Structures are given as structure tokens and as C-alpha cells.
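Open the model in your viewer and keep the selection panel at hand.

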Amino acid sequence: IVDRNGTILATSLPTVDLYVDARDISNPEQMARDILKILPTLDKEELLEKLKSQSSFKYLKRNLTPKEQYAINRLGYPQLNFTDGEQRIYPQSHLFSHIIGLTNIDNKGIAGLEMAFHQRLTTDKQPLQLSVDTGVQNIIRYELAKSMDTFSASAGAALVMNAQNGEIIALTSLPDFDPNRPATRTDYNIFNRATLGLYEVGSVMKPFTVAMGLETG
């Protein structure tokens, strides 16, 4: 996914996933200790359960780094194997989180444009180009955050639209989240205040009333 100038907003990078063939493991406790030295974030009890499962295929960890893959290989356990995978990356971090959304661990879109255009993104090799501008989006997010701090606001939204054709040039809602770290999402920060919720239309119409008065004298 790219912006109007071709700046990358979301892309997939090749990676490897670690799995175990647990049908012939003689010492799962020792194997677990060795694996945890390299991958300390794994849950010990869950890891042991997988190693004792007698299953021919159990994922142990997705998206290993090259260093982790090398270290696992050096353990010399024939039951530990790798399969090619992909990891979805969002180079702009928080900046477009409410627009782009994110994918699950299997790279299936679960929110935002990732979900709405999942079929298009997984079948068409051409990038999905949006009308948004990264530079404008960055300025809008900065100014909105500054105003929220000035007025002690708990949330805010802002957008820039081309009134001639309806193109959305920038759209931001704060607080937002980092789609590279799905665990940081909460019900509060995933709510897009620019597109969801109910608003009184009165204040929205006042600028148009004033503009008509000024234009007609």
C-alpha cells in the first residue's frame, strides 16, 4: 500500500517460521531449555506441551530473525524445522494506523484497508495507491496532538479533503496505535473518531452559512 506519491505505507517481507515435528522427541525438557535460551519470550509450559504433543507440525514461533534461525539450527535437533513465511510491515508506524488497519499473524486483513482490500492486496502485484499524502498526514497529526495537549483533550480527529473531488489528503484520529505491535491495541485507541460515532451537524454547518453570507454580500 502506497500514498499518492508512492511512499510505502504497508508491505510484506519474507521471513521464516519455526515449527516442530514432535513425534520422536526423547527429552522434551532439555530441548525446551535449549530453545528458551534463544527464544526467551516463549512460554515455557506452552512450549513443553507442544514438544510432548506427538504432533507432526506445531508452530513454535513466527517471524524469526536470521540470527535466531542460525542459533536454532546450531542446536542440531532434527525435529526443529523452518517454513517460509511473510511478515506485514508498516514503515510509517502510528501515522496511518486508523486508515491502513492491520493483519493477523496469518497476514489476513482484520481492520481498515487491509481488511477491505484483502482480496485485491493478495492477488494483484500492483501496489494499492491511496489519495493520502504522508507529509500532510504527518503535519496534521502533529498539530492535532499539540492542540490536544494544549486543551487537555482525551481524543481528537482531523482530516484534509480536496473539496473539488472529495479526495482525502489526510485523516488522523488520536489516540492511535502501532500496527507493527498489535498487542498495544485497546478498545480506546482503535476507535477511529474521524469515521465512527455520532455528531451534531449544527456546528459543522455554521462555516458554510458564514461562507454563503460572505460570498453573496
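Two strands count as paired if DSSP finds at least two bridges between them; strands (E, at least two residues) and helices (H or I, at least four) are DSSP runs, numbered from the N terminus. This is a predicted model, in which local features need pLDDT of at least 70 and side-chain atom pairs pLDDT 80 or more, while totals for chains, interfaces and linings use all residues. Residues are numbered from 1 along each chain as its sequence is written, and side-chain values use heavy atoms, without hydrogens and water.

Select strand S1 (residues 11-20), which is joined to S2 by 4 bridges and runs antiparallel to S2. Valine 20 faces lysine 58 of S2. Now show the open sheet of 3 strands, in the order S2-S1-S3 with antiparallel pairing. S2 (58-64) and S3 (80-89) each have a single partner strand, so one side of each has no neighbour in the sheet.

A cavity is a set of points on a 1 Å grid over the protein atoms alone where a 1.4 Å probe fits but cannot get out, and lining residues have an atom within 4 Å of a point. The whole structure holds 2 cavities of 30 Å³ or more, volume being the space filled by probe spheres set on the points, which are joined across faces, edges and corners.

For the largest cavity, select His94, Leu95, Phe96, Ser97, His98, Ile99, Gln137, Leu171, Thr172, Ser173 and Asp176. Helix H4 (97-100) and strand S7 (168-174) each give two or more residues to this lining.

Finish at the second largest cavity, about 40 Å³, whose lining includes Leu9, Tyr90 and Pro179.

Methods. 1 Å grid on protein atoms, 1.4 Å probe; cavity = no way out; pocket = protein on both sides within 12 Å on 5 of 7 lines; lining within 4 Å.
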